[in-house]
Amino acid sequence: MVNRLKLARSAVAMSHWGRSAVVMFAAIATLISPIAEAAAKQARRAQPAETTAPREAGEPIMAIVSIKSQQVTFYDAEGWILRAPVSTGIKGRETPAGVFAIVEKDKDHHSTMYDDAWMPNMLRITWNGLALHGGPLPGHAASHGCVRMPYGFAEKLFDKTRIGMRVIISPVDAAPVNFSHPTLSLIVPNADIVANAPANAERLAREAAEAAKAADEAKKTAAAAARESAPLAASLRKLERSKARAGAALLSADRALAAAKTDQARAKAEDRKQKAVAKAAELDTLLETAKADAKSKLDAASIAKEAARTAQTKKGDIAKAALDAKLAIEPFSIYISRATQMLYVRRNTHKPAPDGGGEVFDATIEVPVTIRDPGKPLGTHVFTAVARNDGSLRWTAVTIENGDDAKNALDRITIPKEVLDRIAPAALPRSSIVVSDEPLSKETNYRTEFVAVLSDQPQGGFITRKPSQVLVADDGGWSNGSPQADDGFGFFFQRSPIPRPSNTRRGGGQFFPMQGGWW
């Protein structure tokens with residue numbers, strides 16, 4: 001009975017305590033709720049907002065994505081013009097930090113990797129599937145490696161951007177600053193060359209087309225002459241073989257006559273010799289007559305063949321001059337790698353890639369470069385010519401990886417005079433020089449400008465993707481391991497004879513060797 005009384009009292013007490021606890025927790029929740037809501041609002045306010053510069057915007061020159069701030073900023077020659085929040089790659093599929101450029105644009109792109117996912121206003125930066133595009137933004141990293149932008153923002157930007165526009169993905173906040181340096185001051189455009197470059201490119205393009213047409217006609221003429229002279233040549237070869245046999249028969253008859261021991265043998269040998277002499281004389285006459293009859297046609301075929309060879313050489317020379325003239329009206333991009341001790345130059349030819357994706361970038365300039373203290377890090381710096389400035393160019397600098405500062409990094413590099421002589425006279429705004437400790441990624445190929453990723457940053461969204469297929473050019477044109485017809489691109493790209501030093505840093509992809517030097 002006592003135990004039952006104690007249990008009853010205990011139950012009543014617990015009941016009172018439970019009601020008190022509920023009241024207490026409710027009060028605490030009431031107090032906490034406004035605090036949590038205020039914190040959420042503050043977090044939402046802290047997220048980047050879509051903003052537009054309070055001035056008239058020029059053409060975008062570069063975009064900088066900050067992984068830390070989940071924000072993208074587009075810049076023209078005078079500074080930032082547009083900002084918006086983004087969502088980069090989640091853990092394990094991180095958006096790689098590094099230096100890229102737009103290689104393709106697609107207004108209504110659907111993913112071939114992720115269940116036909118809609119990626120509107122897509123600006124591709126690698127051929128293995130990384131891009132900037134419109135997408136949902138939950139307020140944090142959420143993609144499989146791409147950079148999602150607000151749908152309306154991506155749509156507004158799509159027509160303003162161009163193939164080759166620089167895209168910098170930085171692990172931290174970064175922005176361009178005005179920059180000058182003695183090395184950059186060596187890149188002084190020649191006003192006359194720049195002014196005359198478009199007309200010169202147009203003229204040489206016409207001449208190249210005419211030379212190609214002339215070479216084709218000469219080739220057809222040579223082929224027709226060769227077909228016409230082929231039977232005559234065959235007849236002459238047959239007569240020459242017959243004459244050679246007659247000469248051998250005459251020589252054999254001479255030996256038989258000299259070896260004859262009896263009158264009967266000598267008479268037989270003499271008769272054989274006379275017949276051999278007559279046959280040889282007959283064939284000699286036939287051969288000379290045939291040669292005289294065929295000479296004009298054989299000479300015409302030989303002349304046509306030589307004319308075709310000359311026309312083909314002229315076609316190549318003018319095509320090279322036309323390409324140089326065309327590239328002179330394009331901004332250049334230079335990449336200097338401490339890892340490979342090489343300097344690479346890219347310029348867009350605006351020729352469609354042979355496999356139907358993107359455009360071909362000229363890469364005929366790849367040379368060794370001298371870097372003082374090559375064992376010391378340079379960092380990663382992007383120098384961009386943003387505008388003309390009293391006959392020279394005005395530059396900015398963006399640093400996305402610590403090493404040496406931008407000035408010291410350029411101080412340590414000696415750009416070959418041959419390169420400066422080739423690119424400086426026609427240098428244009430939007431040209432750039434990238435200095436980095438990294439090698440070029442294996443994603444850098446004939447239809448990209450440069451792809452270079454920071455090896456000390458996560459690359460999940462990059463390395464988990466299948467590498468893009470790279471066609472390799474040889475003297476016969478393009479191939480991916482199987483023969484293909486020459487489509488005319490073999491002229492622009494040759495295998496490089498220059499051995500490249502191995503990568504001195506871990507993690508970065510190796511550059512795919514394709515093109516050779518031009519001197």
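Which residues are linked with Glu59 in a network of salt bridges? Glu59, Arg162 and Arg430 make up that network, and it gets its own view below.

This is a predicted model, so local features need pLDDT of at least 70 and side-chain atom pairs count only at pLDDT 80 or more, while totals for chains, interfaces and linings use all residues. Residues are numbered from 1 along each chain as its sequence is written, and side-chain values use heavy atoms, with hydrogens and water left out.

**View 1. The whole chain, before zooming in.** The protein chain has eight helices and 22 strands; these are DSSP runs numbered from the N terminus, with helices (H or I) of at least four residues and strands (E) of at least two. Of its 519 residues, 44% are buried. Here buried means under 20% relative accessible area, exposed means over 50%, and partly exposed is in between (1.4 Å probe, protein chains only). The accessible surface comes to about 26500 Å², and carbon and sulfur atoms account for 57% of it; areas come from the Shrake-Rupley method with a 1.4 Å probe, and for residues only the protein chains shown count as cover. Take the contacts (heavy atoms within 4.5 Å) between residues at least 6 apart in sequence: 70% of them join residues at least 24 apart.

**View 2. The network of Glu59, Arg162 and Arg430.** The structure holds 23 salt bridges, each one a side-chain nitrogen of Lys or Arg within 4 Å of a carboxyl oxygen of Asp or Glu. In this one, glutamate 59 pairs with arginine 162, with 2.7 Å between the closest N and O atoms. Glutamate 59 sits in the loop between β1 (51–52) and β2 (62–66) and arginine 162 in the loop between α2 (151–158) and β10 (166–170), so the pair ties together parts that are 103 residues apart in sequence. Glutamate 59 is partly exposed at 38% relative accessible area, and arginine 162 is partly exposed at 35%.

**View 3. A buried salt bridge between arginine 338 and aspartate 437.** The closest N and O atoms of this pair are 2.5 Å apart. Arginine 338 comes from the loop between β12 (333–337) and β13 (342–352), aspartate 437 from the loop between β19 (432–436) and β20 (452–453), and the two are 99 residues apart. Both residues are buried.

View 4. Lysine 275 is exposed at 57% relative accessibility, whereas aspartate 271 is partly exposed at 36%.

**View 5. A positive patch on the surface.** Arg237, Lys238, Arg241 and Arg245 gather here. A patch takes residues with over 30% relative accessible area and no salt bridge, joining like charges within 9 Å and nonpolar side chains (Val, Leu, Ile, Met, Phe, Trp, Tyr) within 5 Å. Lysine 238 belongs to helix α4 (residues 191–259) and is exposed at 56% relative accessibility.

**View 6. The surroundings of alanine 426.** Alanine 426 lies in the loop between α7 (417–423) and β19, and at 11% relative accessibility it is buried. Neighbours within four places in sequence aside, alanine 426 touches Ile193, Val194 and Ala328. Phenylalanine 332 is 94 residues away along the chain, with 9.4 Å between its C-alpha atom and that of alanine 426.

Notes. Lys, Arg positive; Asp, Glu negative; His and termini not counted. Charge placed at Lys NZ, Arg CZ, Asp CG, Glu CD.
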